[in-house]
Amino acid sequence: MTYVGWLSGEEEWLVRRPRRKSSSRGSQRVAKARSLLAIANNLYVRNDLERCTEVLKEAICLVPRNPQPYFTLGLIFEERGDITKAYYCFLVAAHLQKNNYGLWSKLYDYSRQLGYNRERIYFIEVLQRRGSKREMVVEKMSLYQGDKFRELTCRIELFEFDGVDDGIFRAIHEEITHKARLARLAKKLLGHLSKDEASCSDYYVEQLIILKYEASDFGDMKMVFDRHLFRRNVTLSVRLRVIYIMACLHGEKDRNAEECIDSFLEDDEVWSEIADVDLLKQLVDLLIENDMASEVTRLLGRIRNRFGDQREFVYWKLGRMLHDKGEYDEALLYYKLVLETNPGNDDVKSRIHSIYTGLGNHEMAKKYETIAQLIGIVDGRNKKGCAYSPEMCMGTRALYESTKAFVNDREKFIESNGTLVDDFLKNRFIFEKKKKRSSTGIGLYRQRHSSNPAALEPGGGDRVMRDGASDGFRFVDLHGLSIDEWFNVVSGQIFSLLSIRRTEEAMSLIFRSLEAYIFRHRSDIICKLAFAGLKASLMFGEFGDFVSLIRSMICHTGNYSYAYLLFYFSNFFMSFQKNSDFSYFQKYLQRVCRRRLRISLSSEDESSSMPLEPGEKPENGEMGVYEGVPCAEVCREDGTRRRATGVSHFLFLNAHIPNLLQSKTVEMMSSLQMEGSPSEGIILASMFLIHSKSRRVSDRNMFVRKGISVLKRLKERSRGEDARIISYNIGKAYQFFGFPGLAESFYVEALGTSNTELRRLAQFNLYLIYKKNNTMQLFKNIVDGD
């Protein structure tokens with residue numbers, strides 16, 4: 001379609017999708033849009049721009065993919081002098097008709113006038129599709145402003161106009177080091193070589209191959225050799241010969257690869273000149289990948305004879321190759337030769353240890369246990385030296401006091417306090433449960449509070465210090481600080497890291513601190529740490545951490561009411577219902593509620609909403625699972641099992657949101673009688689009413705009757721504010737199903753509430769009803785009377 005035809009209103013966009021048949025409603029919309037566009041064109045010719053703009057906006061709503069209204073709007077804004085709005089209108093029209101290069105050229109002029117440099121680069125690249133010019137490339141290169149990679153790309157594009165500059169390769173090696181960018185530049189250079197091979201010298205082709213090798217781009221490398229370099233009768237250098245062998249081996253192995261390798265290995269003149277050992281090491285790895293053992297052995301022999309300092313590398317590769325093939329005796333021989341060259345090679349020792357262990361020779365394996373000892377030290381298996389001497393404890397306390405001087409300087413505080421935090425994380429007595437010793441006769445203390453009589457007595461704190469214990473833990477085990485002081489160390493580090501936005505370190509320290517055994521007996525410390533983490537996860541949008549902290553609070557306290565924090569704050573996260581942590585936590589809550597409330601999924605007759613008696617245990621005696629550990633085990637750490645609280649029908653309902661409208665869930669809920677509180681009844685009624693609109697429901701009226709009956713029974717039992725809330729919900733239900741007359745009286749009842757938000761909602765819905773019926777005077781009378 002021509003540009004003149006486009007301006008005259010030809011609708012090419014209407015026939016681009018012939019596969020779908022337009023409905024009668026769609027054809028009516030298109031016909032109306034055509035008439036509106038014709039009216040807009042007439043108004044534009046008559047210079048009635050205001051009405052023309054309104055008609056064009058209406059046409060855009062009907063056919064948003066038609067470029068004509070956007071183009072006409074751009075012309076109107078252009079006549080008014082509003083260049084910015086005209087620019088954006090033309091931009092939309094150009095994207096809807098991408099081959100209109102006249103419009104792209106107009107956008108280029110506007111971007112130059114408005115100073116939109118990035119957009120101007122884009123428009124230049126679009127115009128280059130029709131035909132590139134030297135002025136375009138030069139202007140584009142000047143707009144990149146210091147982007148070396150883009151400038152080099154433009155220099156390659158200039159080869160088409162100014163000829164090839166072999167200095168481009170030296171500039172690339174000086175400016176670019178990233179392999180991905182090297183590969184893109186090599187692809188650009190190869191494109192010019194394929195397009196105009198006559199203008200490229202032999203040096204150009206050789207350097208292009210080396211550039212592709214440095215970028216690890218072996219895709220078209222053999223093609224460059226065969227099609228461009230071998231036709232020129234060029235003598236290959238040693239480096240190019242090795243690269244050619246690697247190109248033959250890469251991907252599908254070429255038939256000539258073995259001949260090339262044999263000739264390369266037997267050429268003594270080449271081996272007398274070769275100096276790049278790193279290139280040969282890469283060739284060795286590639287030969288091992290292709291399972292060419294004899295060639296690897298010969299090549300490593302050549303490397304050992306040519307480079308005397310590479311004996312360790314040669315023996316190491318031979319040993320690994322034989323080890324992978326299962327030839328353990330020969331592998332041990334080469335591994336021991338490596339140790340003769342470098343006795344400190346721990347990798348070789350670990351492999352010798354694994355071979356002797358597999359062969360059952362444990363006596364020889366013990367001689368090479370260096371790595372196992374190092375791993376044991378890192379894992380904390382060597383527990384000697386965890387307890388401090390009194391002098392070391394005094395040093396830790398002095399460091400604790402000195403860090404208080406840097407509270408206002410976050411960077412210095414983090415650096416100074418970091419030593420104490422490292423000591424906290426490495427101390428096994430802080431994280432491991434202390435074993436009871438029968439000889440002492442004194443077990444771990446129960447949870448201590450600030451109301452401890454010994455601590456409140458004059459000199460009570462000194463007596464505890466003299467006894468050398470804090471909350472049942474020895475000070476030498478805690479390295480001289482009490483539990484509260486260790487909490488100050490950890491919390492100060494957490495808040496300092498959060499203040500400078502080092503979120504990951506702060507959250508990892510919070511989770512690690514919650515695992516500390518010395519904090520498990522202090523519910524006040526656990527709550528402070530958990531709520532600090534909850535606030536940080538809300539601020540920085542870490543939903544997974546938020547869910548994990550809620551689970552941690554429940555497992556430490558046994559109070560399932562903390563789950564309501566998750567249900568409320570989840571609305572602050574995008575698509576939280578798709579998160580795997582959230583769905584797993586929901587299923588966990590559902591299991592707990594079914595066990596505690598004796599809710600059966602198999603039979604409706606067995607289901608009951610009666611809660612457990614105070615002394616009764618749940619079915620199967622389970623409390624759920626927290627991070628792979630049963631909650632009962634977590635709660636039994638301090639000697640007693642915490643009783644679960646907060647498990648109710650309301651929690652069970654919330655555990656199914658937002659999946660409350662699934663058919664199986666509705667069937668299960670409909671078999672239960674959970675109307676103990678107005679909130680539960682309103683949620684159940686809403687579930688039934690909304691589910692009646694589902695396409696899979698056969699008896700819609702049954703769900704409508706059930707939802708309305710639930711609300712009416714609640715209204716009969718409720719008084720005061722609860723009754724007004726239920727009246728509003730009944731009115732909303734009637735309005736939802738198209739009975740505004742029935743809804744009116746319930747909204748009027750809800751106006752008597754003292755809740756400002758509820759009263760405004762009732763007024764708004766009454767306003768909608770009266771406005772639709774043209775009885776606004778009644779609404780004014782009600783509002784004035786209220």
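This is a predicted model: local features need pLDDT of at least 70, side-chain atom pairs count only at pLDDT 80 or more; totals for chains, interfaces and linings use all residues.

Residues are numbered from 1 along each chain as its sequence is written, and side-chain values use heavy atoms, with hydrogens and water left out.

Helices here are DSSP runs (H or I, at least four residues), numbered from the N terminus. Helix α5 covers residues 83-96. From first to last C-alpha its 14 residues reach 20 Å, close to the 20 Å expected at 1.5 Å a residue; that expectation is 1.5 Å times one less than the number of residues. Among the buried residues of α5 are Ile83, Tyr87 and Phe90. Buried means under 20% relative accessible area, exposed over 50%, and partly exposed in between (1.4 Å probe, protein chains only). The cover over them includes α4, α6 and α7.

A salt bridge places a side-chain nitrogen of Lys or Arg within 4 Å of a carboxyl oxygen of Asp or Glu; the count comes to 28. Glu157 pairs with Lys140 in this way, at 3.2 Å between the closest N and O atoms. Glu157 lies in α9 and Lys140 in α8, 17 residues apart. Glu157 is buried at 17%, and Lys140 is buried at 2%.

Finally, Asp524 and Arg522 form a salt bridge at 3.1 Å, N to O. Asp524 is partly exposed at 32%, whereas Arg522 is buried at 9%.

Terms used
Helices (H or I, at least four residues) and strands (E, at least two) are DSSP runs, numbered from the N terminus. Contact means heavy atoms within 4.5 Å.
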